[in-house]
Amino acid sequence: MKQTVYLVRHAEPNYNNHNDEERELTTKGLQDCQLLLDYFKSTAIDSIYSSPFKRAIQTVHDLANEKNLPIQIKENFKERKVDDVWIDDFNDFAKRQWQDFSYQLANGESLQQVQDRTIQELQKILNKKQKSLLISSHGTAISTIINYYDNQFGFDNFQDIKKLMPFVATLIFNNGKIEDIIITNPFTRKIEYKK
């Protein structure tokens, strides 16, 4: 059985809001959500899932209404917890995490922990045997899923897509085995990464 999973990274958030869970989309971010309506216009979707974080839910709100589907909140698709404090040199921190999947700050998560929970949740969803699923999540969380199925995907690839909000990563499974991974820029329809 073929199954397609669309991993959607949220649109542009308001970084002035340092509350990770409540960080909302900017005006531009809200406008860019319309790109997803166009992108998925002729795509059948069986279920829509989202991280509990506000920016992820906002990103697929209109699409869920358009498809007449509820947004099912899944805690395990939330973004990686960096720490209890704001990190100024995020780039250096991210690089260290990608070099060592077990690296974490005192009150944060390692990429291994993020990958473990996202993959566990994804497997549960795939086991429902629906053909077409959409998951609204976050750049790092999505990247750990891609890395699980394609270990060539690393820090440099993460850097390439870091500023792209939203993006769509399409994962195609055949009888539970990964066949394709394609990251697309919905602004240009250009393929940014392919396994």
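# Briefing: loops, helices and the main pocket

K129 is found in the loop between α4 (111–126) and β4 (132–137). The model is a predicted one. In this model K129 has a positive phi of about 65 degrees, although it is not a glycine.

**Backbone geometry in the loops**

- K129 has a relative accessibility of 54% and therefore counts as exposed, since exposed means over 50%.
- R189 also has a positive phi of about 65 degrees and is not a glycine.
- The loop that holds R189 runs between β6 (177–185) and β7 (190–194).
- R189 has a relative accessibility of 48%, so R189 counts as partly exposed.
- That class lies between the buried limit of under 20% and the exposed limit of over 50%.
- A cis peptide bond leads from M165 to P166. Its omega is near -5 degrees.
- P166 sits in the loop between α6 (155–161) and β5 (168–174).

**Helix pair α1 and α2**

- Two packed helices are described by the angle between their axes and the distance between the axes.
- Helix α1 covers residues 27–39, and helix α2 covers residues 54–67.
- The axes of α1 and α2 come within 8 Å. They cross at roughly 40 degrees.
- α1 and α2 are therefore oblique to each other, because angles under 35 degrees count as roughly parallel and 65 to 115 as roughly perpendicular.
- The crossing of α1 past α2 is right-handed.

**Helix α5**

- Helix α5 spans residues 139–149 and is mostly covered.
- Of its 11 residues, 10 are buried.
- The buried residues of α5 include G139, T140, A141, I142 and S143.
- T144, I145, I146, N147 and Y149 of α5 are buried as well.

**Largest pocket**

- The largest pocket has a volume of about 820 Å³.
- Its lining is made up of 29 residues.
- D20, R23, V82, W86 and F90 lie nearest the centre of the largest pocket.
- By class, the lining of the largest pocket holds 13 charged, 10 nonpolar and 6 polar residues.

How values were computed: Residues are numbered from 1 along each chain as its sequence is written. This is a predicted model: local features need pLDDT of at least 70, side-chain atom pairs count only at pLDDT 80 or more; totals for chains, interfaces and linings use all residues. Side-chain values use heavy atoms; hydrogens and water are left out. On a 1 Å grid over the protein atoms alone, a cavity is a set of points where a 1.4 Å probe fits but cannot get out, and a pocket is an open set with protein on both sides within 12 Å along at least five of seven lines; lining residues have an atom within 4 Å of a point. Grid points are joined across faces, edges and corners, and a volume is the space filled by probe spheres set on the points. Ala, Val, Leu, Ile, Met, Phe, Trp, Tyr, Cys and Pro count as nonpolar, Asp, Glu, Lys and Arg as charged, and the others, Gly among them, as polar. Helices (H or I, at least four residues) and strands (E, at least two) are DSSP runs, numbered from the N terminus. Buried means under 20% relative accessible area, exposed over 50%, partly exposed in between (1.4 Å probe, protein chains only). Axes are lines fitted to C-alpha atoms, for helices over the stretch in contact, and angles run from 0 to 180 degrees between N-to-C directions. Angles under 35 degrees count as roughly parallel, over 145 as roughly antiparallel, 65 to 115 as roughly perpendicular and the rest as oblique. A crossing is left-handed if the near helix is turned anticlockwise from the far one by less than a right angle, and right-handed if clockwise.
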